[in-house]
Each structure stands twice: as structure tokens, then as C-alpha cells.
Amino acid sequence: QVIFKGYIERAPRETDMEVRIGTVEVKTPKGSGAFLVKNLYLSCDPYMRGRMRDYHGSYIPPFVPGQPIQGFGVSKVVASDNPDFKPGDLVSGITGWEEYSLIQKPEQLRRVQQDDIPLSFNLGLLGMPGLTAYAGFYEVCSPKKGDYVFVSAASGAVGQLVGQLAKLHGCYVVGSAGTSQKVAKLDKFSIASASSTIIDYLSITLQMMLITQFDIYLTINRYFPEGIDIYFDNVGGDMLDAALLNMRISGRIAVCGMVSLHSLSDPQGIRNLFNLLTKRIRMQGFLQSDYLHLYPKFLEHVINNYRQGNLVYIEDMNEGLESAPAALAGLFSGKNVGKQVIRVAYE
Ligand code: NDP
């Protein structure tokens, strides 16, 4: 098990979690509707940092110190007292960071199929980050063909899909990534699996840029001499401030995440908000959980495009439950290249 040690007010570190090896007895009381799963893949997501604070006013409760971390996973049912979930069924939803979990809230999981799409994609392309990209781009950004689109953290779980959806929509897209090594790696991944359709995506990554703290405004401006219509903001902070200066009149900013915050009570000191007024920009925060009704439409869209070769999806797969604490902490220093997933066991 990976145990949450105690509350923090900063970005998570590996030492905030403890890998505990031992045997836990699990009972499935008759008539409880509970079932036991073997966890195959676990997801590391930036929102989990919010659950490490001793704060109960959020949309999701904090983790319980001394208990396993909770998060999205893909699992196999091994024993069940629930007629809707039979041994052998594959499920995706909220589970524990442990080899086996007793699921007492079956409504937090759905059955998934084993088909031509990797099972672990249920945590990324077909899961919560995918819906975030889809809802954020189509519902919040009001995109039009030909729009100039800027995406931050563009190689990550959400960003890589936003960039590709925007490209498919006929937009000009530029993404930012944190290191030149990350950009190079992304390009290499795309080349390694190159096909005529994937090359479209490659042209996004080729335009990715390495941004330093000092010249963010100028760097963005070089790629958008005529300004930005849509900024899909995954990071907040200095990048948001610089993007504000580069926005065009009637631009849209989707506030998806603020992973750059050092502490969640950090006011960030954004200086260029006046641009909202002068350029009549619409800036809107959103939560993917408000768009769950779009899930079937979203799945159809991404699965069709994936099968047609119009979308690729890059994962950063760590092996073994014991690698999970470092992988989660790594999200906040940009260690992940693509969607961060932990393989706990082979299918
Ligand atoms: P990613 O896979 O993109 O991983 C996080 C990335 O954030 C890192 O790889 C790094 O990319 C970047 N990053 C980390 N620390 C900093 C920093 N201090 N300054 C700038 N960039 C940093 O994560 P996701 O795609 O899962 O999530 C992206 C964003 O979307 C997050 O802010 C998350 O909270 C938000 N989100 C919002 C949802 C919603 O409903 N609104 C739902 C899901 C996610 P790089 O090295 O390229 O900078």
C-alpha cells in the first residue's frame, strides 16, 4: 500500500507517502454489495495535491492520514458480493493505492472493455483528463476554424489532447513544455510511431518551445505575432500573465488548472488582468465534473479519431506500486512526459 502520511501546504514530495509492505485481511460482508479488485493501473493527477491539504471546503474531501492514497485506477474484479460486478470484470474509477482494494462505493466505478485501445488509456485519453480537454476546449473556449490557440503544459495528460483537438478543428496551435528535453522526447515519440496522420500532431510538437522565466511574453509573441484567440491555461502564474498580454480582442481563456502555484493559498500576483477589459476577453474556470453528461459524446469523438489515426496519446508509465510516490511528486516538477500512470500488475 502507499500510505498518506499527513497534511501538507506545499507541492507533494515522495516522503509525504510511505510504501507499506505486508498483509491486510479483507472481509466482504454478505449483502454489502462490496467487491474486491486487483489494481492494474493507477493514475497520478495534479488535483491529488488538493486532497493532501487539511481543507474540507473543496469539491472533494482530503485524504485520511494513515490510509492508502485514493485515486483513479483500472482494476480487475477478483471477488464480489455485487451482482453487477462479476469476478473477471474490468473496471475503472476510484480505487486505493494498493495491490488489492475493497470497493464499497461501486457507483464510483464503471465497467470497461478490453479491446484495441490500451486499458490504461481509461485513466487518460478516455478518462478524466480526456474529458477535461474535450469539455474545456469545445464548451469553454468556443473555438472557430482558424483560431490561434495556445496551450500550456502541452505534453501532459490534458494538454496533449487539447492541442490535437484544436488542430483537428482547423486551428493554428502552439504548445509550451517545460524542458527542451521534454520537447525533443515528444517529437521522438511521434516520429517513432509516424504515419501520415500522426505527422499532423508532430507539427504541433515541432512548434513547442522552451520558455524561460525571463522572456515568456516575447517568446509567446514570436509564435503569435497576431495574438492569441484561445489560451488553454493548465499552469496559471507567469505564463497566464504573459498570455494575457498576447491575447487578441474577444479572446477566450479557459482556466483549467494552476499547477504552478507553490501553495494553494498563493495569490499569484497576476498583473495583466486589465487586458480582460481592454480586449473584451472572456476568462472562464471550469471543472470537468460539470460536464459528465458529455461523456458518451466525448468517448465517441476521441475513440473514432484515435482509431482513424487522427489522435495519438503519450503515457509516462512507471512500473510498480513502489514507484507511485515519486511519480506523483514528479508532476509538480514536470518530470512526467505524457500522462503519468503506474502499472501495478500486468493484465
Ligand atoms: P500534466 O500531465 O500536464 O502534468 C503536470 C505538468 O504541469 C508538468 O508535467 C509540467 O509540465 C507542468 N508543471 C508542473 N509544475 C509547474 C510549474 N511550477 N510551473 C509551470 N508548469 C508546471 O497534468 P494534467 O494534464 O493532468 O493536468 C494539467 C492541468 O489541468 C493541471 O493544472 C490540473 O490541475 C488541471 N486539471 C483540471 C481539471 C478541471 O476539471 N479543471 C481536471 C484535470 C486536470 P511542463 O514541464 O511542460 O511545464
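This section describes the predicted model of the chain and its ligand, from overall confidence to individual residues.

Residues are numbered from 1 along each chain as its sequence is written. Because the model is predicted, local features are reported at a pLDDT of at least 70 and side-chain atom pairs count only at pLDDT 80 or more, whereas totals for chains, interfaces and linings use all residues. The predictor assigns the complex an ipTM of 0.99 and a pTM of 0.93. For pLDDT, the predictor's confidence in each residue on a scale from 0 to 100, the chain has an average of 88, and 88% of the residues score at least 70. Over residues 188-214, pLDDT stays under 50, and the model has 46 contacts beyond four places in sequence for this segment, a contact being a pair of residues whose C-beta atoms, placed from the backbone, lie within 7 Å.

The chain contains nine helices and 15 strands, taken as DSSP runs numbered from the N terminus, with helices (H or I) of at least four residues and strands (E) of at least two. Of its 347 residues, 43% count as buried; a residue is buried if 20 or more other C-beta atoms lie within 10 Å of its own, exposed if 12 or fewer, and partly exposed in between, with C-beta atoms placed from the backbone. Among the contacts in the chain with a separation of 6 or more, 69% are accounted for by residues 24 or more positions apart.

The ligand is surrounded by 29 residues, the closest being Gly156, Gly178, Gly257, Ser260 and Gly334, where a residue is near a molecule if its C-beta atom, placed from the backbone, lies within 6 Å of it. This shell has 15 nonpolar, 11 polar and three charged residues; Ala, Val, Leu, Ile, Met, Phe, Trp, Tyr, Cys and Pro count as nonpolar, Asp, Glu, Lys and Arg as charged, and the others, Gly among them, as polar. Because domain 1 (2-124 + 314-343) and domain 2 (128-290) both give residues to the shell, the ligand lies between them, the domain bounds coming from an automatic or database domain assignment.

Helix α1 (128-140) is mostly covered, with 11 of its 13 residues buried, including Met128, Leu131, Tyr134, Phe137 and Val140. Serine 142, which follows α1, has a positive phi near 45 degrees. In the loop between α1 and β8 (148-151) lies aspartate 147, which is buried, with 20 other C-beta atoms within 10 Å. Leaving aside neighbours within four places in sequence, aspartate 147 is in contact with Cys171, Asp229 and Ile230, while its C-alpha lies 18 Å from that of valine 255, 108 residues apart in sequence.

Strand β8 pairs with β9 in the parallel sense over four bridges, strands being taken to pair if DSSP finds at least two bridges between them, and valine 151 has glycine 175 in β9 as its bridge partner. Strand β9 (residues 172-177) is mostly covered, five of its six residues being buried. Helix α2 (residues 159-168) is likewise mostly covered, with eight of its 10 residues buried, among them Leu161, Val162 and Leu165; glycine 170, which follows α2, has a positive phi near 90 degrees.

In a regular strand the side chains alternate between the two faces of the sheet. Strand β6 (residues 100-103) has Ser101 and Ile103 on a covered face and Tyr100 and Leu102 on an uncovered one. Strand β3 (residues 35-43) pairs with β6 in the antiparallel sense over four bridges, and valine 37 stands opposite serine 101 in β6.

Most residues other than glycine have a negative phi. Arginine 280, in the loop between α7 (274-278) and β13 (282-285), has a positive phi near 50 degrees and is exposed, with 12 other C-beta atoms within 10 Å. Proline 225, in the loop between α5 (216-223) and β11 (228-233), is also exposed, with 8 other C-beta atoms within 10 Å; the C-alpha atoms of proline 225 and methionine 128, which are 97 residues apart along the chain, are separated by 34 Å.

Notes
Contact = placed C-beta atoms within 7 Å.
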